[in-house]
Amino acid sequence: MKVLNLRCANGHGFEGWFGSEDDFLAQNGGGLIECPLCADKVVTRLPSAPRLNLSGARAAPPEAAVVAQAAPADADVQAQWLRHVRQVLANTENVGPRFAEEARRIHYGEVEQRGIRGRATREEAIALHEEGIEIAALPIPAGLDDGPLQ
């Protein structure tokens with residue numbers, strides 16, 4: 001089993017597990033690999049090196065440790081983002097392509113107010129904004145479309 005470090009065109013890093021280098025190349029060439037955060041299918045392999053545990057290696061100076069603690073690692077940021085996406089999914093109703101219509105019905109008091117999510121075209125999003133209806137775009141990974149994973 002090969003564990004590869006991958007990155008999408010949007011800069012999200014993630015791991016992929018493959019039976020061989022050929023499996024990775026075939027799946028990537030066929031568009032079968034996608035970013036778990038944004039569903040981008042333009043994925044590249046990052047260079048990797050084996051981890052070496054050398055005796056006598058010196059510890060990093062204290063200043064470096066403070067700097068490293070100041071900025072969370074990419075994986076931490078991605079994990080936080082995914083937790084927030086799951087929270088949104090758990091607390092909203094998926095209205096799919098009827099998003100713009102349902103947002104208007106809620107805004108104008110035709111139905112009770114509730115949290116919704118769905119899909120809207122760029123034109124629909126602009127029209128909603130012009131009507132004073134506040135919406136936010138949130139890229140949801142394909143695997144989470146129908147609700148949060150456990």
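The largest nonpolar core of this predicted model consists of 10 residues, namely Leu4, Leu6, Cys8, Phe14, Phe18, Phe24, Ile33, Cys35, Leu37 and Val43. Two or more residues of this core come from each of two elements, strand E1 (2-8) and strand E2 (13-18), and E1 makes the greatest contribution, with three residues. Apart from this core lies another one, made up of eight residues, among them Phe99, Ile106, Ile116 and Ile133. In soluble globular proteins, nonpolar side chains tend to be buried together.

When neighbours within four places in sequence are left aside, leucine 4 is in contact with Phe14, Glu15, Gly16, Phe18, Phe24 and Arg45. Two of these partners, Phe18 and Phe24, are also of interest for their rings. The structure holds one aromatic pair, and this pair is formed by phenylalanine 18 and phenylalanine 24 in an edge-to-face arrangement, with 5.2 Å from centre to centre and 70° between the planes. The pair is classed as edge-to-face because the angle between its planes, 70°, is over 60 degrees. Both phenylalanine 18 and phenylalanine 24 are buried.

As regards the overall architecture, the protein chain contains five helices and five strands, and these elements follow one another along the sequence in the pattern β-β-α-β-α-α-β-α-β-α. Of the 150 residues in the protein chain, 19% are buried. The accessible surface of the protein chain amounts to about 10800 Å², and carbon and sulfur atoms account for 53% of this surface. Among the contacts between residues at least 6 apart in sequence, 48% join residues that are at least 24 apart.

The average pLDDT of the protein chain is 80, and 75% of the residues score at least 70. Confidence is highest in helix H4 (residues 99-107), with a mean of 95, and lowest in helix H2 (residues 62-70), with a mean of 42. Over residues 61-72 the pLDDT stays under 50, and for this stretch the model has one contact beyond four places in sequence.

Helix H4 can be described in some detail. Its buried residues are Phe99, Ala100, Glu102, Ala103 and Ile106; these residues lie on the same side of H4, because the arc that they cover around the axis is only 165°. The elements against which the buried residues of H4 pack are strand E4 (93-96), strand E5 (116-118) and helix H5 (122-130). H4 is followed by glycine 109, whose phi is positive, near 75°.

One of the buried residues of H4 is glutamate 102, which has a relative accessibility of 3% and therefore counts as buried. Leaving aside neighbours within four places in sequence, glutamate 102 is in contact with Val95, Val111, Arg114 and Ile116. Not counting residues up to four places away in sequence, valine 95 touches Glu102, Arg114, Ile116 and Arg117. Valine 95 and isoleucine 116 are 21 residues apart along the chain, whereas their C-alpha atoms are separated by 6.6 Å.

Two loop residues complete the description. Alanine 39 is found in the loop between helix H1 (21-29) and strand E3 (43-45), and its phi is near 65°, which is a positive value in a residue other than glycine. Most residues other than glycine have a negative phi. With a relative accessible area of 24%, alanine 39 is partly exposed. Serine 48 has its place in the loop between E3 and H2 and is also partly exposed, with a relative accessible area of 49%. The C-alpha atoms of serine 48 and asparagine 5 are 7.1 Å apart in space, while 43 residues separate serine 48 from asparagine 5 in sequence.

Note on methods
Residues are numbered from 1 along each chain as its sequence is written. Side-chain values use heavy atoms; hydrogens and water are left out. Rings of Phe, Tyr and Trp (its six-membered ring) pair if their centres lie within 6.5 Å; planes under 30 degrees apart count as stacked, over 60 as edge-to-face and the rest as tilted. Buried means under 20% relative accessible area, exposed over 50%, partly exposed in between (1.4 Å probe, protein chains only). pLDDT is the predictor's confidence in each residue, from 0 to 100. Helices (H or I, at least four residues) and strands (E, at least two) are DSSP runs, numbered from the N terminus. Contact means heavy atoms within 4.5 Å. A nonpolar core is a set of buried Ala, Val, Leu, Ile, Met, Phe, Trp, Tyr and Cys residues joined through side-chain atoms within 4.5 Å. The arc is that of the directions from the helix axis to the C-beta atoms. Accessible areas come from the Shrake-Rupley method with a 1.4 Å probe; for residues, only the protein chains shown count as cover.
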